[in-house]
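Please look at the sequence and the 3D structure shown here before reading the report.

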Amino acid sequence: MKTARFKVSFAGPLVSFQDKGRIGHLRFGVSSSGPMDRLAHRAAHALVGNSNAGSAIEVSLGGLILECISGEATLAVAGGEFSVQCGATKTSGWTTQTIHAGEKLTLRAGVWGSWSYIAFAGQLALNKWLGSTSTHSMSGFGAGTLIGGVEFEVQKAEVREARVGDTPYPEVAGTTDTIRIVIGPQDQHFDPQSVDIFCKKLFKLTDAFDRMGVQLQGPELVLKNALSIPSEPIVRGSIQVSGDGIPTVLLADHQTTGGYPKIATVLSADVDRLAQMRAHDVVRFKAVSAEDAIAATRAHHAICQATIEKLAAPKASLTEKLQNQNLIGGIVNAYD
Amino acid sequence: MSLPTFKSVADHALLIEFGTHVDDDLNKKVVALDQVISRAAISGVVETVPALVNLLVIFDPMVTTHTMIQAAVSRLFPLDVTDHGGQAKHRVSVCYDTELSPDLICVARANDMSVNALIAAHLSAELRVSMYGFAPGFAYLSGLPQAIQVPRKPSATRGVPTGRVMIAGPQCLITTVVMPTGWSIIGRSPLQIIQDNPDDPFLFKVGDTVVFDRIERADLPIELQSP
């Protein structure tokens with residue numbers, strides 16, 4: 001079996017290994033972790049021709065430089081629009097490239113997006129915790145964080161030249177300024193005007209932003225006397241408001257319970273789009289009913305499924321590449 | 001027993017609430033409901049998260065809805081709260097060496113008692129695992145005697161290591177990951193709540209009971225013996 005070896009030359013903070021997540025252990029205080037942008041993670045695997053979305057590298061705004069120290073492998077990058085240099089090839093956004101021994105791969109934050117994924121043709125050889133390689137940033141459990149000097153292997157590494165090339169990202173993968181929420185489950189602890197304000201006014205993401213969550217800045221939300229509510233379960237997308245009236249959206253590595261009331265919860269279809277936004281980006285929350293939330297998720301799931309299938313199709317010729325792009329565009333239009 | 005309240009959480013979860021104030025009887029209902037839901041194998045349920053007074057049911061929105069889960073859960077009532085047997089009783093070793101337990105003296109002073117009386121009261125308590133929360137393996141043990149309770153400190157201590165026995169209000173927990181905390185550290189324990197067993201990695205189950213046994217500093221593993 002062929003193995004490609006890599007060494008981290010440079011890594012910004014919060015660059016980690018993530019598979020699709022560690023589901024089923026919330027009752028033991030363990031959030032699922034996994035990619036901040038689950039669609040982009042699947043897309044990177046689909047682009048490189050992996051039939052399963054296994055482990056990938058999640059790159060933060062801090063960027064990453066890898067050196068291939070032996071072997072060769074095709075790899076795909078998907079996520080926000082990061083600048084990418086692989087060997088002598090410079091590009092940006094979603095791309096599939098082959099790296100050879102002695103070459104470097106550099107990802108840097110680009111036009112938009114906070115997270116990008118590198119998936120390899122082959123299998124990253126990593127440690128698991130509770131059946132998953134996903135790195136839980138608070139504890140360090142899982143395959144871990146990439147820091148300068150760390151080496152890792154891609155086993156069963158393959159070169160898949162037919163897949164090499166750039167791919168325009170589908171609109172479903174982009175960010176949006178409107179994020180859908182379902183009000184509650186602890187909206188009763190807020191002044192009714194605050195719930196109204198929350199759905200009408202604009203909020204700004206702040207740089208208090210990591211894999212656990214992102215703090216927002218906006219009009220003050222007024223809590224009733226709610227600082228002693230019992231600790232309650234949290235999900236990815238819970239928006240909890242601390243005693244000083246500041247909301248935080250909880251993300252992939254969220255704490256599993258919290259004693260601050262949650263004014264609303266972001267739909268699973270929108271939470272990763274929010275995670276791709278950056279500090280100072282502006283967001284508007286749109287309240288929908290629980291029934292509409294389910295309908296939205298089902299529609300989103302169908303779009304994602306179709307998108308992944310198109311990305312997974314081998315791109316043997318320019319004609320086929322163009323066809324793929326048209327199909328993806330068509331799906332996005334239907335969604336809008 | 002009247003039905004709890006049900007609240008929709010986004011598109012994929014339902015919060016089932018028995019009350020709004022921390023109380024062991026409410027928590028026993030949560031534990032009982034958690035067990036009957038897991039036995040009922042309701043279609044589309046992904047996982048349940050029992051907390052102090054409520055339980056979160058996370059479901060797959062491709063398969064089911066809030067309404068369907070609420071209907072399926074409502075059919076499980078009335079609950080038999082006494083019938084959730086199988087709880088284990090754990091004996092947990094704690095070293096109360098004052099040099100290793102930075103808040104032991106403060107907690108004793110705050111409660112106007114001697115350190116020995118504080119230790120005796122902690123050793124006499126039978127605590128109950130009421131939930132896991134916050135971080136991996138953070139088991140909240142409830143039922144600390146009133147006489148030794150202290151509120152959370154006004155500000156958190158950063159970087160509290162693993163194996164610390166801490167208390168706040170009626171609760172006690174043993175740290176499993178390094179974290180900031182405003183709880184008071186009254187002892188050190190060699191216990192590993194997160195076990196090296198992929199099939200059953202967490203030592204306690206919600207509803208289990210815990211009692212403490214006193215050990216000396218020399219009984220701790222070497223790496224826990226230094227301050």
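Predicted model: local features only at pLDDT ≥ 70, side-chain atom pairs only at ≥ 80, totals over all residues.

Residues are numbered from 1 along each chain as its sequence is written, and chains are lettered from A and ligands numbered from 1 in the order in which they are written.

Chain B is divided into two domains, listed in the table. Their bounds come from an automatic or database domain assignment.

| Domain of chain B | Residues |
|---|---|
| domain 1 | 5-74 |
| domain 2 | 89-225 |

The C-alpha centres of domain 1 and domain 2 of chain B lie 29 Å apart. Six residues from domain 1 of chain B and eight residues from domain 2 of chain B take part in the contact. Two residues are in contact if their C-beta atoms, placed from the backbone, lie within 7 Å. On the domain 1 side, α1(B) gives the largest share, three residues.

Chain B also has an open sheet of four strands in the order β1-β2-β4-β3, with antiparallel pairing. Helices (H or I, at least four residues) and strands (E, at least two) are DSSP runs, numbered from the N terminus. Two strands pair if DSSP finds at least two bridges between them. The edge strands of the sheet are β1 and β3 of chain B, each pairing on one side only. From one strand to the next, the twist averages 20°. Five bridges join β3(B) to β4(B), and E47(B) has I58(B) in β4(B) as its bridge partner.

Chain B meets chain A through 37 residues, which are in contact with 37 residues of chain A. On this side of chain B, β1, β2, β3, β4 and β6 each supply at least two residues. The largest share, five residues, comes from β3(B).

Is V271(A) buried or exposed? V271(A) is buried because 25 other C-beta atoms lie within 10 Å. The cut-offs are 20 or more such atoms within 10 Å for buried, 12 or fewer for exposed, and partly exposed in between, with C-beta atoms placed from the backbone. V271(A) is in helix α3 (residues 268-275) of chain A. Leaving out residues up to four places away in sequence, V271(A) touches R236(A), G237(A) and V266(A). The C-alpha atoms of V271(A) and R38(A) are separated by 9.8 Å, although these residues are 233 residues apart along the chain.

Technical notes:
Axes fitted to C-alpha atoms, helices over the stretch in contact; angles between N-to-C directions.
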